[in-house]
Amino acid sequence: MIDISTLTVKKTRKLLDKKEIFAKELAESCLQNIENGNKELNIFLEVYDDVLKQAENAQKIIDTGKTSELTGIPLAIKDNILIKGKIASASSKMLQNYHAAYTATAAQKLIDQNIVFIGRTNMDEFAMGSSTENSAFGVTKNPCDASRVAGGSSGGSAAAVAANMALGALGSDTGGSVREPASFCGMVGLKPTYGSVSRYGLMAMGSSLDVIGPIAKTVADAEIIFNAIKGKDKFDSTSMEGKIERLKEGKIKIGVPYHILDIEGISENVRKNFDEAIEKFKSLGFEIKDIKLPNIDKSLAVYYIIMPAEVSSNLARYDGIKYGLSLNGENLLDVYKKTRGEGFGEETRRRIILGTYVLSSGYYDAYYGKAMSARKIIRDEFNGAFKEVNAILTPTTSSPAWKIGEKTSPLENYLADIFTVTANITGGPAISLPSGQAETDGKKLPLGIQLMAPHMSESILFEVGKKFLEEENG
Amino acid sequence: MISKEEIKKLADLARINIEDKEIENLRGEMDAILDYVSQVKSVAGDMKKDAETEGIKNVMREDENPAESEKYSRELIAEFPDSENNYLKVKRIL
């Protein structure tokens with residue numbers, strides 16, 4: 001059996017091409033790790049029955065020597081991204097038996113490179129949550145400490161990579177759903193620029209915020225997967241081709257909005273770890289600049305208006321008529337109400353009702369209208385800041401992974417997104433990098449830092465990230 | 001505090017059956033959330049009314065079928081909760 005823990009996508013490519021390992025034994029090793037760990041950790045909702053066949057097909061390509069960067073690489077996919085013929089349930093009872101009628105563009109681009117999709121991973125229902133505790137199919141446990149959450153909503157995807165069940169994974173990020181679980185599991189998570197990756201075939205949550213992004217062990221691996229899935233797509237009119245921004249010569253400036261670190265609720269170990277990260281950046285030759293983003297602390301409030309508003313519209317499609325769960329009722333209205341009442345979990349119902357409230361007449365101007373104006377102000381503030389600095393640094397989360405069941409009120413859960421939602425509000429790219437560990441109850445819990453860059457400047461995040469993690473080039 | 005009737009009305013508008021016990025819980029939770037998000041009213045700066053559309057442009061395309069006819073029909077029909085002769089079957093509306 002191959003020891004997946006020692007492999008990265010980049011390293012595996014070389015081994016596969018040199019025939020030192022084979023796609024099938026690589027896939028078998030992932031399946032063995034799933035066999036050993038999935039029952040306890042609840043990472044995969046389904047392991048595909050054609051994994052070995054996919055691996056054999058990939059091997060045929062490898063044998064011809066015409067490989068792409070990801071040929072034969074085993075990847076996991078979040079349960080809200082469609083692959084034709086396979087179940088995609090968004091971890092909801094509503095879609096428990098739904099078979100996708102078509103394939104998402106991002107998934108298709110990976111299939112075109114003959115990757116091996118291992119299976120679909122657990123998540124918060126319809127991507128609403130930060131811990132996978134909102135999954136209809138049970139919580140995913142953190143591979144670093146099984147008494148704690150793996151983060152969310154892409155918790156299964158992050159845990160799959162951390163538990164050596166795949167070499168990388170696709171997640172989706174609406175308010176931090178790739179970065180926060182990556183940080184909780186000690187992985188790298190990229191939220192690309194809005195529109196840089198097609199949303200076609202991604203179940204819509206907040207359409208002005210959603211983006212598909214990779215979770216991987218290294219920045220180089222995240223970059224490889226991102227390059228494979230990005231690009232303009234005729235099936236998503238908001239998608240676009242990015243022009244590659246390179247860093248200019250000279251000292252790279254990283255802005256730190258120190259003023260937001262004084263807000264309540266940042267744990268001591270996160271603050272200490274963050275200060276150490278800043279020192280490391282300085283020692284690597286980066287210039288650290290104190291910057292002001294006066295309204296950044298309002299981002300979360302803006303997010304929790306815009307997101308539920310979009311959720312309430314997007315989830316109207318699940319009505320028990322066309323596909324998915326359908327419960328019989330006395331009349332058509334009764335079918336809708338019964339299906340949606342029972343098919344949606346508690347958090348999903350709450351957000352739909354909240355969204356209905358902020359969009360209803362009489363409250364629209366006070367909430368949604370104000371949130372949209374504030375969104376523009378925050379975006380302008382970031383654009384201003386990026387005239388002075390190349391990237392902006394914050395912690396990814398205010399604490400390491402919490403205990404399963406520890407957070408009881410919805411608002412308490414929402415506050416976990418405080419540092420991550422900003423990039424979804426502005427649309428810019430952001431990456432979470434593993435930055436060390438916090439020792440709690442004798443367990444070492446991963447911590448992460450977040451770098452944000454101007455729109456379409458993922459390359460800046462990759463360059464700075466690789467230096468921070470001291471990844472070798474080549 | 002948001003009233004029981006308001007929650008009921010919202011759930012009705014959203015076509016969701018909710019139980020009485022949940023309505024009580026939602027009242028407290030919604031109040032806490034709405035109180036928190038009301039911070040947007042204190043955002044400093046020019047709160048323009050047309051911010052929703054500013055800088056956004058329509059993406060136009062030809063009005064044509066993106067895929068050939070019936071390409072996905074079989075898969076879509078297979079997902080119908082109820083059907084008759086390949087037609088989607090629903091409850092009578094009138």
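This is a predicted model: local features need pLDDT of at least 70, side-chain atom pairs count only at pLDDT 80 or more; totals for chains, interfaces and linings use all residues.

Let me begin with chain A. Its secondary structure comprises 15 helices and 13 strands. The radius of gyration of chain A is 21 Å, close to the 23 Å that the globule rule gives for 474 residues, so this chain is as compact as a globular protein of that length. Taken along the principal axes, the C-alpha atoms of chain A fill a box of roughly 65 × 55 × 50 Å. Of its 474 residues, 61% count as buried. As for the contacts in chain A between residues at least 6 apart in sequence, 75% of them join residues at least 24 apart.

Chain B has 3 helices and 2 strands, and along the sequence they follow the pattern α-α-α-β-β. Here the radius of gyration is 23 Å, well over the 12 Å that the globule rule gives for 94 residues, so chain B is more spread out than a compact globule. Its C-alpha trace spans about 55 × 45 × 25 Å along the principal axes. Buried residues make up 15% of the 94 residues in chain B.

I turn now to the sheet. In what order do the strands of the open sheet in chain A run? There are 11 strands, in the order 1-3-2-6-8-7-12-13-11-9-10, and the pairing is mixed. Strand 1 (44-47) and strand 10 (287-290) of chain A are the edge strands, each pairing on one side only. From one strand to the next, the twist averages 30°.

Helix 2 (residues 23-41) of chain A lies across strand 1, strand 2 (74-78) and strand 3 (116-121) of chain A, and runs at about 140° to strand 1. Helix 3 (residues 51-64) of chain A packs on the sheet and touches strand 1 and strand 3, its direction making about 150° with that of strand 3.

Helix 3 of chain A also holds A:Gln59. Is this residue buried or exposed? A:Gln59 has 22 C-beta neighbours inside 10 Å and therefore counts as buried. Leaving aside neighbours within four places in sequence, A:Gln59 is in contact with A:Phe22, A:Ala23, A:Lys24 and A:Gly72. By contrast, A:Gln59 and A:Lys93 are 34 residues apart in sequence and 37 Å apart in space, C-alpha to C-alpha.

In soluble globular proteins, nonpolar side chains tend to be buried together. The largest nonpolar core here has 158 residues, and A:Leu75 and A:Ile305 touch the most other members. Helix 9 (residues 299-314) of chain A gives the most to this core, with 10 residues. Not counting residues up to four places away in sequence, A:Leu75 touches several residues, among them A:Leu110, A:Phe117, A:Ile118 and A:Leu170.

Some backbone details follow. Most residues other than glycine have a negative phi, and most peptide bonds are trans. A:Asn114, in the loop between helix 4 (105-112) and strand 3 of chain A, has a positive phi near 55°. This residue counts as buried because it has 22 C-beta neighbours inside 10 Å. A:Asp441, in the loop between strand 12 (430-440) and strand 13 of chain A, has a positive phi of about 50°. With 9 C-beta neighbours inside 10 Å, A:Asp441 counts as exposed. The peptide bond from A:Gly152 to A:Ser153 is cis, with omega near 10°, and A:Ser153 lies in the loop between strand 5 (145-149) and helix 5 (155-162) of chain A.

Finally, the contact between the chains takes 39 residues from chain B and 48 residues from chain A. On the side of chain B, helix 1 (4-13), helix 2 (20-37) and helix 3 (73-78) are the elements that give two or more residues. Helix 2 of chain B provides the largest share, 7 residues. By class, this side of chain B has 26 nonpolar, 3 polar and 10 charged residues.

Terms used
Residues are numbered from 1 along each chain as its sequence is written. Chains are lettered from A and ligands numbered from 1 in the order in which they are written. Two strands pair if DSSP finds at least two bridges between them. Helices (H or I, at least four residues) and strands (E, at least two) are DSSP runs, numbered from the N terminus. Axes are lines fitted to C-alpha atoms, for helices over the stretch in contact, and angles run from 0 to 180 degrees between N-to-C directions. Two residues are in contact if their C-beta atoms, placed from the backbone, lie within 7 Å. A residue is buried if 20 or more other C-beta atoms lie within 10 Å of its own, exposed if 12 or fewer, and partly exposed in between; C-beta atoms are placed from the backbone. Ala, Val, Leu, Ile, Met, Phe, Trp, Tyr, Cys and Pro count as nonpolar, Asp, Glu, Lys and Arg as charged, and the others, Gly among them, as polar. A nonpolar core is a set of buried Ala, Val, Leu, Ile, Met, Phe, Trp, Tyr and Cys residues joined through C-beta atoms within 7 Å. The radius of gyration is taken over C-alpha atoms; the globule rule is 2.2 Å times the number of residues to the power 0.38.
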